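Please examine the protein shown below. A set of questions and answers on its geometry is requested.

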Amino acid sequence: MSFPHLLPCRLLPPTHPYPLHHPAMHYATKISLGTLATVGAFTAYYHTTSRRRQLPGPALNDAKAQVQAIHTGIRSRSGSLSQQQRQPTSPTASSASETQNQKEASQDSQWQKFTDRLAAANTSVLSTISLGNVLPDWSIGLPDWITRLQRELNMVPGSLADAIWSEARDPNINPEVAWDAKVRISPDLCEDEQRFLAARREFTRRALAKYLDIPEEEIHPDDVPVIASTGSGGGLRAMVAGASYYQALSESGLFDCTTYMAGVSGSCWLQSVYLSSIGQQDYEKVIEHLKRRISVHIAYPPAALELIDTPPTNKYLLRGVVEKLKVGASSFGLVDLYGLLLGARLLVPSNEMILDDNDLKLSCQKRFVDGGKQPLPIYTAVRHEIPGAGNETENQDVDMQKKVEDEEKQKDWFQWFEVTPYEVYSEDMEAGIPTWGLGRPYENGISTNREVPEMKLPLLFGIFGSAFCATLSHYYAEIRPFVTSINLLKTLDDMVLQRNEALVKVHPFDPASVPNFVKGLKDQLPATCPESLHKSNVIQLMDSGMSNNLACYPLMRKGRNVDIVIAFDSSADIQLANWIGYVEGYAKQRKIKGWPVSIGWPKTDDSEKAQQELEEAQAKSSAEAKEKLEEAQEKDEPTESGERAKDAKKALGPCTVWVGSMETRESEDEPPPSMAVEEEWDGLMRPDSGTFFSPVTFTRNRRGISASDPTLQRPRRRPRHLPVSVDMEF
């Protein structure tokens, strides 16, 4: 299933059957550019307090005069609010009029910094609006919206922030604030997950019997495979495509046979919506929700701003923001704002009067998975370990000579973190905390302040999907096809590539931060725990797609014993980045037996061919787009002869199955490539068969039904044109 009219050009895969020119896509691109300009203005002034000067200009016309009037009125209100927040009061007046929350806010540097930056953002937007048609029309209302937000977040009695913070420490609303959280140090699965596995095995046994249409008593418990699915990163594209993949999996009966579902980026968003009162554990309802909530472009702010500004959704969405600012254990940044916008689009039901605060807590998903009723979701994020600087200290002064020496010894790498409804855990540190304990500070393995509620899901959404926190190397990889297409820029490309080792260590945007729960535990952690973490108060986390766009690594963790992995890959660079192949290196490093060897997309000419096809698909006009579409449809007639059949034999198909081997080798030679199952299934029954891996890629299924017309304004109620059928027998 696809919503082509909702996806901007960048979201379409290289092999999409339609040219990348469509009126709806053009409109979406215009919206995105307008939003980018707005966010740019916010970001520039959010990170600086330098003096601004107003440039002289021509006489204002009627429109500019109206903007100036708004500017003057709101500035006076903003100044009044700022003065109210800063003006000191006498001890007598303080005891009579100031609440405890106000006193704490006045002493809280992070809260004060946030309010100062909010005021600076208001001023910057007003200044930008006054320059003319720099921002889109809807941005004229931004200053008034910011002013109202300032009023609600100033901690005066009766304000929204005052009510949120009072409820945050109420154990009747947040039971976890009465619990002490401790760090669990062990390579084993936590007790909650072990209980889940025992219960889920009975459930999957019944489901497998139904799927295979055989009596349940004929299936021995030891013969029930542990099946896991993983959805790729890809933001909105991965979320929409993943909803259809999982719906097909559910309709076939195979979803009930799975034990785990892991995700990256947009697939994490999808898992959260499914395991909520909104999705109701029904992918049909999830798809209906997405159709209603993302009919407006996800990067179009007015719809989200209205939800953040009006009751009851404002209190619902701003809980996480107020709590993180008030706790002050980790900084509030751009990723958190991004998560707030995502939450406004994805975690608010169509009936905005029916809100369930349990949907804001990832740990509350236990109510759906306890007893093995649903597969256990695994959410992922990564921390970038930068040699000589760690991650959290990358923008601080360091000894450059020592840094160079360290870089010679070690390259940068990504440290994986997983989050389930039970635990936040890192395999590299062999340490984890209860999910309800995320967000509070820790020292020596114990939380130092238990009156801190669980970190809310919108902020986690920002972390899971923060692809814009990529390194400069990732950014250049996005624009490199354009650079290399111009002969005059060939020298520039060579210069950049020569400095790639430096570019992979620079993040233009800081990742989000959470309190460092392993602080003070240096003597109890394994050597795989980075030294830099022992010196930091926070852990910076970002989109795990920076490391691998498929969440296979957590599925290979000791104790999970996954036998079959079904990977739904909706990556934009499916044929260019060998995400599948990277897992093999991880398996070798961890000495994991049974993972298939030498699998994935061919490493020869196919990547360049895919890039060439993508460039050839570009169209500059509607007429050219129509011509290329007709040409592509003529070439797309099914054939298995000549060179095309040869290429099809070599390439990865819409659904390929590989099987690993458990046999050990004493030779140091490279093992032979694993078997890709084609027509013969006998090899799957070998006694030494290892892990089964099946990537289902977001590419054209040449053996399936042709895709739906992209000009349709509304998708069908039930997705009949799926990227691939997953009704497979293992």
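The questions below go from the whole chain to single residues.

This is a predicted model, in which local features need pLDDT of at least 70, side-chain atom pairs count only at pLDDT 80 or more, and totals for chains, interfaces and linings use all residues. Residues are numbered from 1 along each chain as its sequence is written, and side-chain values use heavy atoms, with hydrogens and water left out.

Q: How many helices and strands does the protein have?
A: Helices (H or I, at least four residues) and strands (E, at least two) are DSSP runs, numbered from the N terminus. Counted in this way, the protein has 24 helices and 15 strands.

Q: What percentage of the residues of the protein count as buried?
A: A residue is buried under 20% relative accessible area, exposed over 50%, and partly exposed in between (1.4 Å probe, protein chains only). Of the 730 residues, the share that counts as buried is 51%.

Q: Among contacts between residues at least 6 apart in sequence, what percentage join residues at least 24 apart?
A: A contact means heavy atoms within 4.5 Å. Among the contacts between residues at least 6 apart in sequence, the share joining residues at least 24 apart is 78%.

Q: Is Leu438 buried or exposed?
A: Leu438 is placed in the loop between β7 (431–434) and β8 (442–443). Leaving aside neighbours within four places in sequence, Leu438 is in contact with Val424, Ile433, Pro453, Glu454, Met455, Leu460 and Val514. Because its relative accessible area is 7%, Leu438 counts as buried.

Q: What distance separates the C-alpha atoms of Leu438 and Val514?
A: Val514 is one of the contacts of Leu438. The two residues are 76 residues apart along the chain, and their C-alpha atoms are separated by 7.7 Å.

Q: How many disulfides does the count come to?
A: The rule takes a disulfide as a pair of cysteine sulfur atoms within 2.5 Å. Cys469 is buried, with a relative accessible area of 0%, and Cys529 is buried, at 7%. By the distance rule, the number of disulfides comes to 0.

Q: Which residue is in a polar contact with the side chain of Glu167?
A: Glu167 lies in helix α7 (residues 160–168). Beyond four places in sequence, Glu167 is in contact with Ile173, Asn174, Lys315 and Arg319. A polar contact is a pair of N or O atoms within 3.5 Å; within protein, one must be able to donate a hydrogen and the other to accept it, and residues adjacent in sequence count only if both atoms are side-chain atoms. At 2.6 Å, the side chain of Glu167 makes such a contact with that of Lys315.

Q: Is the peptide bond from Pro311 to Pro312 cis or trans?
A: Pro312 is found in the loop between α12 (301–309) and α13 (313–327). Omega of the peptide bond from Pro311 to Pro312 is near 0°, and the bond is cis.

Q: What is phi of Gln280 near?
A: Gln280 lies in the loop between α10 (266–274) and α11 (283–293). Gln280 counts as partly exposed because its relative accessibility is 45%. Its phi is positive, in a residue other than glycine, with a value near 55°.

Q: Is Lys591 buried or exposed?
A: Lys591 is found in the loop between α21 (579–590) and α22 (606–616). Phi of Lys591 is near 60°, a positive value in a residue other than glycine. Because its relative accessibility is 73%, Lys591 counts as exposed.
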